[in-house]
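This report describes selected features of a single protein model. Please consult the sequence and the structure shown below while reading.

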Amino acid sequence: MLTHLVTRAELTAGALAAVDDLRLWARLADGDGIPLAGGGLVRTVVEAGEPSLTGPGGWLAGVEPEDVVALRLRGGALELSIADLTDFPAERAIRVVQEFGEQALDALRAFAEGLEPAPGVPIDVVVLDLLMKAPETFADPLPPLAPLLREASLELRGGRAGIVGAPWDTESVVDLAPLDVIRLALVRSALRTYDEGGDLSKAITYLSRSEAVLARIADEVEREPLGPALIEALPRTEPAALLLIARSAEGEGRSFEASGLIDEVLSLAPGLAPAEQDAAEYAACRTNPADPLPARAAHLFRQLLAYGYRPARRRLIDDLVALSIRVAEPALADLALFENDVVGEFLDARSEWLRDDEAELLESWRRTPLRLWEVLDVAGEITLRDVTDGGKGPVTLTDELLPRQALPGDLMLTRLLGDGEGPHVFGHPFKVDPARRDEMLALLTDPVDPYAVAAFFRRAGRPAGPADGGTRPAP
């Protein structure tokens, strides 16, 4: 007997989702179907890759939303009833959970070694194994498998059960050694299922033995910072644990605190690559006051760009690239920085290292809008005119690259940022087809939607900038 929590949508459709709880019956009902006690057949239908069980008209009559239905196969026919779970055999539920847990770990190892296509075990396979080992396991109604297994810290994907943190995106671990694939999943599981008082020693050991796994987990922690209880439980005598605490602080916008923690990491583990990279980035935020502001402005823009590519914000760029074309990434990165106010986040997170004139410059950049510019002249310097309604008159820039890559009449989408002496193009401009000028101007409303701008260039077919596709070297 297998059980399933019924939803209103299922009752409306007259079909029961069978991707998890009823997976075994879906396997058996595929093709010719299985007779339903009382008449008719139960068949498996697949829509969008998800199997469902359908029966004759009215086969779910009397079932209400949130009821738990039980389907028992007896004498070659399926019997459907409403299950009462007020008193179920707990020892059998424990047996089910233990079996799934053991087989999920085995499946992870097999996947890591290239023997299985996914890091989870097929649910119907485990149910069949249990029926072979202990036929009485499912003799009485147990809680539906999906919530039962999730409560036991297992994940369900496409009819398979795996440990929490299993690499369901299989392409994401193709470059990892088999042992590192297992370590990565086990560390994720320990961090995501941590209960107060839990033991993290094995997770820290796995991190300490693989710099590749440590780097990935650190990136994930920066994207999703750790909770206070977990941070409190991490041993600060371990470099790997300290790196995670530092990345969690960075992910929450506390770069100055993160920098101090990174110093501690390197005092315990000199040469640890992820910590060295962070330390170099933090050190670069300290500029030389003897340098003129225009030189520091260029350096500041590079640091801002590096900040935008950190794990906590990289998604903003990736989402725009997904809507546009990969070769436009340099220009899209500039778009993500300003239209999502990453500049403001940078100011908040790293103000401890910024000089007053640098902070003022960044504040002015935050107020600088994206504009469409027409190239008027490229004789040595480049002269631009803002074609946005109410735009400014001609502006002349001293730039080594733009005059060689643009022609009079070209349209460039960019923002002119002050460098302390005058306007400057630090980012990567987009080149706009003059025939689509009005279409672009319609997008430059306040606030600008970066996703609409990114999609504009995908529709154009080639998001070329003055450097034809964003090949202009980084400033």
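How many bridges join strand β4 to β5?

## Basis of the report

The model is predicted: local features need pLDDT of at least 70, side-chain atom pairs count only at pLDDT 80 or more, and totals for chains, interfaces and linings use all residues. Residues are numbered from 1 along each chain as its sequence is written, and side-chain values use heavy atoms, with hydrogens and water left out.

## Strand pairing around β5

Strand β4 (residues 41-47) runs antiparallel to β5, and five bridges join them. Helices (H or I, at least four residues) and strands (E, at least two) are DSSP runs, numbered from the N terminus; two strands pair if DSSP finds at least two bridges between them. Thr44 has Leu53 of β5 as its bridge partner. A hairpin is formed by β4 and β5, with two residues between them. In the turn, Ala48 has a positive phi of about 55°.

Strand β5 (residues 50-54) also pairs in the antiparallel sense with strand β2 (residues 15-17), over three bridges.

## Nonpolar cores

A nonpolar core is a set of buried Ala, Val, Leu, Ile, Met, Phe, Trp, Tyr and Cys residues joined through side-chain atoms within 4.5 Å. Buried means under 20% relative accessible area, exposed over 50%, and partly exposed in between (1.4 Å probe, protein chains only). The largest core has 84 residues, of which Leu53, Phe100, Leu207, Ile217 and Leu244 touch the most other members. A second, separate core of 44 residues includes Leu300, Leu335, Val432 and Leu444.

Contact means heavy atoms within 4.5 Å. Beyond its neighbours within four places in sequence, Leu244 has contacts that include Leu191, Leu207, Ile217 and Val221.

In helix α4 (residues 123-133), the buried residues are Ile123, Asp124, Val126, Val127 and Leu130. Seen down the axis of α4, they fall within an arc of 160°, so they line one face of the helix; the arc is that of the directions from the helix axis to the C-beta atoms. Exposed Met132 and Lys133 are carried on the face turned away from the buried side.

Leu145 belongs to helix α5 (residues 145-151) and counts as buried, at 5% relative accessibility. Not counting residues up to four places away in sequence, Leu145 touches Asp21, Val96, Phe100, Ile123 and Val127. Leu145 and Leu22 are 123 residues apart in sequence, yet 8.5 Å apart in space, C-alpha to C-alpha.

On a 1 Å grid over the protein atoms alone, a cavity is a set of points where a 1.4 Å probe fits but cannot get out, and a pocket is an open set with protein on both sides within 12 Å along at least five of seven lines; lining residues have an atom within 4 Å of a point. Two cavities of 30 Å³ or more are present. The largest cavity holds about 60 Å³ of space, and its lining includes Met1, Asp21, Phe138 and Leu145.

The largest pocket has a volume of about 380 Å³. Among its 20 lining residues, Ile163, Leu186, Ser189, Ala190 and Thr193 are the closest to its centre. Two or more lining residues come from each of α3 (90-112), α6 (178-192) and α7 (201-209).

Key
Grid points are joined across faces, edges and corners, and a volume is the space filled by probe spheres set on the points.
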